[in-house]
Amino acid sequence: MAIKTLRYDVAKTLRTPEEMAAYLEACIEEANGDTAFIAKALGDIARAKGMTEIARQTGLSRESLYKALSGERSPSFDTILKVIAALGLKLSAGVRDEPEAA
């Protein structure tokens with residue numbers, strides 16, 4: 001008997017704003033500067049909240065949001081800020097524990 005597997009979709013597990021914020025924070029820490037990875041995480045959260053609603057709030061089309069947040073490209077910072085605001089999240093900064101070597 002063959003084993004049937006299903007594709008895991010993190011968007012189906014993100015239910016609360018706190019879970020969404022924790023997921024984004026973890027992805028930012030793991031991204032190591034990979035902006036497409038962070039964009040993909042925002043896409044996961046946007047799908048969890050409803051891409052149509054996020055598109056309406058940002059003034060961007062659903063299609064352009066799907067492309068921008070696919071993880072295959074790095075969207076503009078303006079797009080990132082619009083999506084973060086539409087998701088009800090905030091962008092903040094802190095000091096690294098260990099400074100990165102130049």
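In H3 and H5, contact (heavy atoms within 4.5 Å) brings Ile54, Gln57 and Thr58 of H3 together with Lys82, Val83 and Ala86 of H5. Sorted by class, this contact of H3 with H5 has 3 nonpolar, 2 polar and 1 charged. Here Ala, Val, Leu, Ile, Met, Phe, Trp, Tyr, Cys and Pro count as nonpolar, Asp, Glu, Lys and Arg as charged, and the others, Gly among them, as polar. The model is predicted, with pLDDT of at least 70 needed for local features and 80 or more for side-chain atom pairs, while totals for chains, interfaces and linings use all residues. Residues are numbered from 1 along each chain as its sequence is written, and side-chain values use heavy atoms, with hydrogens and water left out.

As for the overall layout, the chain comes to 5 helices and 0 strands; these are DSSP runs numbered from the N terminus, with helices being H or I of at least four residues and strands E of at least two. Its C-alpha atoms fill a box of roughly 55 × 40 × 25 Å along the principal axes.

Two packed helices are described by the angle between their axes and the distance between the axes. For H3 (residues 51-58) and H5 (residues 77-86), the axes come within 9 Å and cross at roughly 120°. Axes are lines fitted to C-alpha atoms, for helices over the stretch in contact, and angles run from 0 to 180 degrees between N-to-C directions. The axes of H1 (residues 17-31) and H2 (residues 35-49) also come within 9 Å, crossing at roughly 165°. H1 and H2 are therefore roughly antiparallel to each other (the label for angles over 145 degrees). On the H1 side, the contact is made by Met20, Tyr23, Leu24, Cys27, Ile28, Glu30 and Ala31, and on the H2 side by Phe37, Ile38, Ala41, Leu42, Asp44, Ile45, Ala48 and Lys49. This set splits into 12 nonpolar, no polar and 3 charged.

Tyr23 sits in helix H1. Leaving aside neighbours within four places in sequence, Tyr23 touches Val10, Leu14, Ala41, Asp44 and Ile45. Lys12 is 11 residues away from Tyr23 along the chain, and their C-alpha atoms are 13 Å apart.

A pocket is an open set of points on a 1 Å grid over the protein atoms alone, where a 1.4 Å probe fits, with protein on both sides within 12 Å along at least five of seven lines; lining residues have an atom within 4 Å of a point. Of the 18 lining residues, Glu25, Ile28, Glu29, Ser92 and Ala93 are the closest to the pocket's centre. H1 gives the largest share of the lining, 5 residues.

Notes. Angles under 35 degrees count as roughly parallel, over 145 as roughly antiparallel, 65 to 115 as roughly perpendicular and the rest as oblique.
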